[in-house]
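Let's take a walk through a protein model together.

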Amino acid sequence: MLLPLPSFLLPFFLLSFTTISVTSSPSYPYGFSYHIDCGSPTNTTDLFNTTWLSDRYFTGGSTAIVSEPLRFNHPHEKTLRFFPISSGKKNCYSLPFPTLPSPSYRFFLRTFIIYDNYDGKSHPPSFDVSVRGTVVFSWRSPWPQSLARDGAYSDLIASFPSSDAAALVCFYSFATDPPVISSLEFFAIDPNSYDASSTGNSDVILVNYGRLSCGSNQWGPGFTNDTDRFGRSWQSDSDFQTRNSDKIVAISTRSDVSGTDQKPNYFPAKLYQTAVTTDEENRGVLEYELSVDAKLDYLLWLHFAEIETRVRKAGVRVFDVFVNGENSTRIDIYKQVGGFAAFTWHHTVKNLSSSMLKVKLVGVVGAPLICGIENYALVPTDPSTVPQQVIAMKAMKDSLRVPERMGWNGDPCAPTNWDAWEGVTCRMSKDKTALVISQIDLGSQGLKGFISDRISLLSDLVSLNLSSNSLVGEIPSGLGQKSLTQLDLSNNQLTGAIPDSIASSSLQLALLNGNLLEGRVPEELYSIGVHGGAIDLSGNKGLCGVPSLPPCPMFWENGRLSTPGKIAIGLSCLFVFCVVLLLVYIYIRRRRNDYDFALPHELTSLAAKRNRYQRQKSLMVLEMESQHAKGLPSHFTTQ
């Protein structure tokens with residue numbers, strides 16, 4: 001949503017008319033804050049003892065100094081950061097969140113924008129500023145001369161879900177204009193502030209369209225040493241009073257006002273120590289006009305305190321509050337809170353018919369009185385990209401080495417009224433709650449990286465064109481979403497096999513020619529051409545297995561052993577193992593037999609001698625018996 005340049009922007013030249021003294025930095029309720037000096041190379045400390053951080057670790061872009069630095073009182077007002085078109089059309093500050101004891105974060109953000117002809121071109125830029133993927137400030141050239149020379153503050157209140165790791169404050173360039181920023185302040189505030197029950201959810205951002213202190217000059221952080229624990233600066237109401245008001249009388253007190261600086265809004269005591277009323281004793285009129293965008297709703301806060309000592313009971317001062325002509329409430333301050341006590345009333349304004357919001361106080365008894373007015377536009381947040389797809393796109397940015405000139409920063413798709421990242425097309429999710437990536441077209445962009453596995457998280461991707469780059473590595477197996485219908489990875493240096501997952505998608509166009517792919521082509525992928533689609537695999541010498549390509553080796557597939565090859569080798573190994581095992585078994589058995597039954601050589605020789613002796617003895621006995629039978633003398637008979 002484009003917002004006109006808000007009228008609440010605070011003219012910086014008011015600083016030169018204020019008295020500045022040194023004081024300690026405000027005590028923020030949650031003790032967490034960023035005060036960033038945009039464009040400064042070092043950290044600095046201002047006259048209010050606030051430490052300002054250099055922004056060199058928070059963003060990219062280039063730095064500069066305003067053309068007349070002596071006109072500004074503080075270091076963080078003299079430097080600026082600009083984002084040339086060479087940095088891309090979209091650039092962001094990333095502000096990490098601390099760990100806070102809350103399910104959601106609520107923060108106050110204030111920016112100071114200055115041009116001051118820093119580039120010598122006398123052409124203030126046109127650009128938008130977004131928070132949480134939602135446009136909150138718009139700057140359009142030409143700027144009013146005083147605004148371009150003196151600068152302006154703008155602020156808002158936004159809630160962030162605890163799942164967010166950082167707040168992104170992004171700048172979007174129109175044409176070739178470089179966005180500029182001089183300072184950025186960001187700190188935690190009470191989660192229950194400003195009617196959080198109805199406005200504290202993360203679906204609404206409160207953008208300041210007017211913060212007035214009645215009966216006083218400009219004051220607050222950055223302007224005077226008066227503190228506001230939320231960092232709010234308060235503008236004088238004099239420029240917003242209309243001619244319909246009766247003669248204005250400003251009143252003030254130095255007495256304490258009770259009920260100030262308390263949770264959840266921490267409204268400062270100084271706000272209630274000044275007020276305006278009229279010189280009419282009865283039925284006086286006070287009227288204010290605030291510029292607004294009629295397309296938005298508004299949260300209006302009015303501040304009161306009975307600081308006139310003459311009013312000591314209820315019913316002495318009673319007045320009606322009219323908002324755009326409608327009688328919204330009747331106020332009796334003393335009846336509500338008594339004297340010298342703070343009282344606030346807030347009201348939501350809807351269905352505006354003009355660009356002016358009128359607040360009129362009409363006396364019923366006595367003259368009306370008011371201390372301050374705040375008006376916040378209730379800006380609905382734009383849908384953001386599905387978190388998982390943001391993770392995927394950031395991984396793709398790193399792996400593809402996307403050049404800085406393409407502006408791949410912040411949310412890939414949001415805000416919806418900006419262009420998405422260059423080469424990226426988005427659409428609403430089916431349930432209309434978030435944005436999804438539907439197309440990536442980065443052909444001929446000089447990319448030299450690889451395709452990240454995280455591309456599998458892009459579950460709604462319909463078309464992917466990364467052709468004519470110098471991409472290396474393998475095609476990730478996760479690249480096979482059912483939604484994918486067009487794939488062009490031609491003319492790169494991709495290696496390895498074509499994953500089967502691609503064949504399971506709904507591809508109607510597959511251009512993989514001009515790479516170093518190898519292995520068997522999935523039949524389902526080749527069938528795209530058979531069924532009316534288009535496929536080109538030429539220029540990949542290692543591909544095989546489909547018509548027009550060589551046949552694949554029996555045991556070789558997709559650059560590696562095929563399943564049959566693995567089985568054959570496995571069976572062969574098993575056979576060899578069994579044979580070896582059998583031989584070992586036989587050898588062991590034979591060794592055992594030799595040891596258990598064979599006789600040593602000495603025992604064999606002794607047995608042979610014994611056998612010969614027994615045979616000789618037997619022959620001698622037989623011979624003796626034979627001679628005895630014949631009566632022949634024996635050779636062995638003694639003579």
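How many residues in the lining of the largest pocket are nonpolar, how many polar and how many charged? Before we get there, keep in mind that this is a predicted model. The lining splits into 14 nonpolar, nine polar and seven charged residues.

Now let's look at the pocket itself. Rolling a probe the size of a water molecule over the atoms shows where empty space is left. The largest pocket here has a volume of about 790 Å³. Its lining is made up of 30 residues, and those nearest the centre are Asp 164, Ser 384, Thr 385, Val 390 and Asp 411.

Next, head over to helix α8, which covers residues 563-597 and includes Ile 588. Is Ile 588 buried, partly exposed or exposed? Its relative accessibility is 39%, so Ile 588 counts as partly exposed. Ile 588 also belongs to a nonpolar patch on the surface, and Phe 575, Leu 583 and Tyr 587 are among the other members. Together, the residues of this patch have about 1100 Å² of accessible area.

Last stop: strand β34 (residues 534-536), where you'll find Ile 535. With a relative accessible area of 24%, Ile 535 is partly exposed, because the buried class takes in values under 20% and the exposed class those over 50%.

Note on methods: Residues are numbered from 1 along each chain as its sequence is written. This is a predicted model: local features need pLDDT of at least 70, side-chain atom pairs count only at pLDDT 80 or more; totals for chains, interfaces and linings use all residues. Side-chain values use heavy atoms; hydrogens and water are left out. Patches are made of residues with over 30% relative accessible area and no salt bridge: like charges are joined within 9 Å, nonpolar side chains (Val, Leu, Ile, Met, Phe, Trp, Tyr) within 5 Å. Accessible areas come from the Shrake-Rupley method with a 1.4 Å probe; for residues, only the protein chains shown count as cover. A salt bridge is a side-chain nitrogen of Lys or Arg within 4 Å of a carboxyl oxygen of Asp or Glu. Helices (H or I, at least four residues) and strands (E, at least two) are DSSP runs, numbered from the N terminus. Buried means under 20% relative accessible area, exposed over 50%, partly exposed in between (1.4 Å probe, protein chains only). On a 1 Å grid over the protein atoms alone, a cavity is a set of points where a 1.4 Å probe fits but cannot get out, and a pocket is an open set with protein on both sides within 12 Å along at least five of seven lines; lining residues have an atom within 4 Å of a point. Grid points are joined across faces, edges and corners, and a volume is the space filled by probe spheres set on the points. Ala, Val, Leu, Ile, Met, Phe, Trp, Tyr, Cys and Pro count as nonpolar, Asp, Glu, Lys and Arg as charged, and the others, Gly among them, as polar.
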